[in-house]
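Here is a friendly note to read with the model open beside you. Take the points in order, and find each residue as you go.

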Amino acid sequence: MNNIAILCSGGDVSGMNPALKHFVEYSLQKDLTPYFVYDGYEGLIDNNIKKATYKDVAGIINRGGTKIGSARSQRFMQKEYREIAKKNLNMLNIDMLIVLGGDGSFRGLDIFYKESGIKFCGIPSTIDNDISSTEYCLGVDSALNIIKTSIDSIRDTASSFSRAFVIETMGRDCGFLALVSALTSGAELCLVPEKEYDLKSLEESFKEQIKNGRRYFIAVVAEGIKDESQDIANWFEEKIGIESRVSVLGHIQRGGNPTIYDRLMAYRFINNAIDALLEGKEESIICYTKDGFKYKGIDEVVNTPFVLDPKLLRFLKNI
Ligand code: ADP
């Protein structure tokens, strides 16, 4: 039997646990021996690598986060530690590795592959949805649903109190979460790093709306915009004349019960990743595109800058 390992690296997402469950099931179905690497690349270095069984994944499908832990590893940036990681995998005869992570994790993996020759397959997993070459990253749907529920709740209080609420979403330099959430929650204002904005140009129209009876505003802003969220709230108070509050959603966006979509996507990503390795693909990332799942070379994924879908961005005009 061949040995295959899986690890989670960088920010955790809801959907990693369903992926781990199916990793064990599908590996065994394919006559592979599954291993878990605990705490990301740290676990590779510290030899925190253990055989996985059905028992390890019982009762985790509905849980956010990752049962095997995730981490950022400064040590993995250094060749001497990556050599230890290689030795640890060699000792256990593991020559196939699946990594759930973002583009940072894939960059590390690319270097590791070139040095160690250990075959790998990457599964894009980040709520930011900012990996080029894939339209979907595991965890995004769960995060969007948490944001939706939060905005719906905030709208209740905003409307009762006549207030403007500035709701800040995660996403680093990417405005995907803010944009999709603003569109699907009927926000009056959406600010993302990908699009220049000029608040002054909105002042007349917003004041007019208040005159005509509007009691509240919902503004969804990405954490990566040039202003602080508090600056936007101050603008509402000073220029529009409405009391305002900031709500930074923060890490609640990453946790929680994985949605049906993320559970299914976790299964499909895992099937594709294991199949890719069994077919002999040595350094691929499973990307989800309009034409379904595609294997892309890591160089292409890591070296192509991410661009937010312009068709989606065009909707911003209507907000
Ligand atoms: P994400 O995968 O979510 O984008 P990070 O950018 O924090 O997360 O990267 C996760 C980990 O990947 C880092 O802590 C490090 O261990 C590894 N990594 C990232 N870039 C490199 C690199 N250039 N060389 C080696 N390891 C890297």
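1. Start at Arg72: an N or O atom in its side chain is 2.6 Å from an oxygen atom of the ligand. That is a polar contact, meaning a pair of N or O atoms within 3.5 Å. The protein buries 84% of the 560 Å² that the ligand exposes when taken alone (accessible areas by the Shrake-Rupley method with a 1.4 Å probe).

2. A word on the source: this is a predicted model, where local features need pLDDT of at least 70, side-chain atom pairs count only at pLDDT 80 or more, and totals for chains, interfaces and linings use all residues. Residues are numbered from 1 along each chain as its sequence is written, and side-chain values use heavy atoms, with hydrogens and water left out.

3. Which residues come nearest to the ligand? Of the 16 around it, they are Arg72, Ser73, Gly102, Gly104 and Ser105 (near means a heavy atom within 4 Å). Helix α4, residues 103-116, gives the most to this shell, with five residues (a helix is a DSSP run of H or I, at least four residues).

4. Now look at Arg75 and Asp46, whose side chains meet in a salt bridge at 2.9 Å, N to O. The term means a side-chain nitrogen of Lys or Arg within 4 Å of a carboxyl oxygen of Asp or Glu. Arg75 lies in the loop between β3 (49-51) and α3 (79-91), and Asp46 in the loop between α2 (40-45) and β3, so the pair ties together parts 29 residues apart in sequence.

How values were computed: Polar contact = N/O pair within 3.5 Å; in protein donor to acceptor, adjacent residues only side chain to side chain. Helix = DSSP H or I, 4+ residues; strand = E, 2+ residues; numbered from the N terminus.
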